[in-house]
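Student: I would like to go through the assignments in this model and hear the grounds for each one.

Tutor: Then ask about the labels one at a time.

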Amino acid sequence: MSEQSIRRSVSVLGLGPMGQAMVRAFLAAGVEVTVWNRSGAKADAMAELGAERADTVADALAANEVIVVSLTHYAAMYDVLGPGVERLPGKVIVNLSSDSPRRARAGAAWVRARGAQFLSGGVMSAGDDIAHPASYIFYSGPREVFDAHSALLRPLSPQEYLGADDGLAQIFYQGLLTIFHPWLLAFDQATAMIERSGHDIARFLPFAIRSSAAFPHFMTEFSAANAAGGWADIAGLRMMDAGAEHIIDASADVGVDATFSRIAQTFWQAAIVASEGAGRAVSTYELMRGAAEPVS
C-alpha cells in the first residue's frame, strides 16, 4: 500500500472520550475514518462529523489496513476482535489502550499469531485533549512497522518511539501514571484542607503552581540518586516522617481525610526501621524496588 493511501484511511475501534478525540483529529487532518463501537449512538455521532460507520467489527477491519484500538484494557481487545478474527491477516493493529506491559506483550503475540502486525501505544494527554501542547504518545513494537505507519498516526499527537519491546510503551506510560495518580490525590487533600480551613482554593492555586516549578529539580536529583540505590539519610528520613505527621494533623484538624498522607508516612517509617536494622541508611526507593531483579 502506498504512503499516500496509508495517510488517507484508518479504522478506529472504541469510541470512548479518547477514541472520539482520535477520530476528530484524524478527520481534521483529512484522514478517512471508519468507526465501530459497541454503542451505536457513539458511532452515529462520529458519522455526523464525517466518519464512516461500520456495522460490525469485521466490516471495520475490512475497510482499512491500519486499525487503531482505543479500549479500557487489553482484555477488551480480544472480545472486540474475536468476531472479526478472519479479517486480521495483513492488518496493522495499533492498540492505544492502557494495561500492564505483560498484557501488552501477550496481546501483541495474540495479534501476530493471527496474521496481523502490532504496535502498542500509551497516550499521555491532558485528559482526552490530545491536541494539548503537553500531549504525546509512546509507541513500541517493531521499528519497521512504526516507520511505515507513523505518518498516518501523526495527527493523534506527537510521537515518542521507544523500542521494539511490545511492553515498553506501557512501562513508560504506567510509570508516568504512577506519578500522576498520587499527585491528583494529594492535590485533592491539599485543596480540601484549604477550603475546610475557611480559605479560598483560588487564592492557594498560584502557590501550588509556583511550587511545582521545583519538581523538575527534584526529579533530576532523585533520578540520579535512585540510579545509585536511592536517596537515604537517617536524619532526612526522620524529617520526612515528622513532616507527614504535621500534614496528617493539619488535615485532621479541619476534618479532611488524611489516609493518603498516612500511607506515605508508612514508607518513611519503614525506611527508618530498615535503616536502624541494617546499620546504614535505607532509602524508600530501595524498599520499593525490593531485592529481586525487576521483571522485564
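Student: Which residues do ring pairs link into a cluster?

Tutor: Tyr 136, Phe 138 and Phe 172 are linked into a cluster by ring pairs. Rings of Phe, Tyr and Trp (its six-membered ring) pair if their centres lie within 6.5 Å; planes under 30 degrees apart count as stacked, over 60 as edge-to-face and the rest as tilted. This is a predicted model, in which local features need pLDDT of at least 70 and side-chain atom pairs count only at pLDDT 80 or more, while totals for chains, interfaces and linings use all residues. Residues are numbered from 1 along each chain as its sequence is written, and side-chain values use heavy atoms, with hydrogens and water left out.

Student: How many aromatic pairs does the structure hold, and why is the pair of Tyr 136 and Phe 138 called edge-to-face?

Tutor: The structure holds nine aromatic pairs. For Tyr 136 and Phe 138 the ring centres are 5.2 Å apart and the planes stand at 85°, so the pair is edge-to-face.

Student: What makes the pair of Phe 138 and Phe 172 edge-to-face?

Tutor: Phe 138 and Phe 172 are 5.7 Å apart centre to centre, with 70° between the planes, and the aromatic pair is edge-to-face. Phe 138 belongs to strand S7 (residues 136-140) and Phe 172 to helix H8 (residues 168-196), so this pair ties together parts that are 34 residues apart in sequence. Helices (H or I, at least four residues) and strands (E, at least two) are DSSP runs, numbered from the N terminus.

Student: Why is Gln 170 called buried, and what is Gln 170 in contact with?

Tutor: Gln 170 has 0% relative accessibility, so Gln 170 counts as buried. Gln 170 is placed in helix H8. Contact means heavy atoms within 4.5 Å. Leaving aside neighbours within four places in sequence, the contacts of Gln 170 include Ser 97, Asp 99, Pro 101, Ser 120 and Gly 175. Between Gln 170 and Leu 96 the C-alpha to C-alpha distance is 9.6 Å, at 74 residues apart in sequence.

Student: And why is His 181 called partly exposed?

Tutor: His 181, found in helix H8, has 47% relative accessibility, so His 181 counts as partly exposed.

Student: What makes H8 and H9 oblique to each other?

Tutor: H8 and helix H9 (residues 201-212) pack at an angle of about 135°, with their axes 9 Å apart. Axes are lines fitted to C-alpha atoms, for helices over the stretch in contact, and angles run from 0 to 180 degrees between N-to-C directions. Angles under 35 degrees count as roughly parallel, over 145 as roughly antiparallel, 65 to 115 as roughly perpendicular and the rest as oblique. H8 and H9 are therefore oblique. Among the residues that meet are Phe 187 and Ile 194 in H8 and Phe 204 and Leu 205 in H9.

Student: Why is H11 called roughly antiparallel to H12?

Tutor: The axes of helix H11 (residues 234-253) and helix H12 (residues 259-278) come within 9 Å and cross at roughly 155°. That makes H11 roughly antiparallel to H12. The residues that meet include Leu 237, Met 240 and Ile 248 in H11 and Trp 268 and Ile 272 in H12.

Student: How do you know that the reach of H2 is close to the expected one?

Tutor: The expected span of a helix is 1.5 Å times one less than its number of residues. Helix H2 (residues 17-28) has 12 residues and reaches 17 Å from first C-alpha to last, close to the 16 Å expected. The buried residues of H2, including Met 22 and Phe 26, pack against several elements, among them strand S1 (9-13) and helix H7 (143-153). Just after H2, Gly 30 takes a positive phi of about 85°.

Conventions. Buried means under 20% relative accessible area, exposed over 50%, partly exposed in between (1.4 Å probe, protein chains only).
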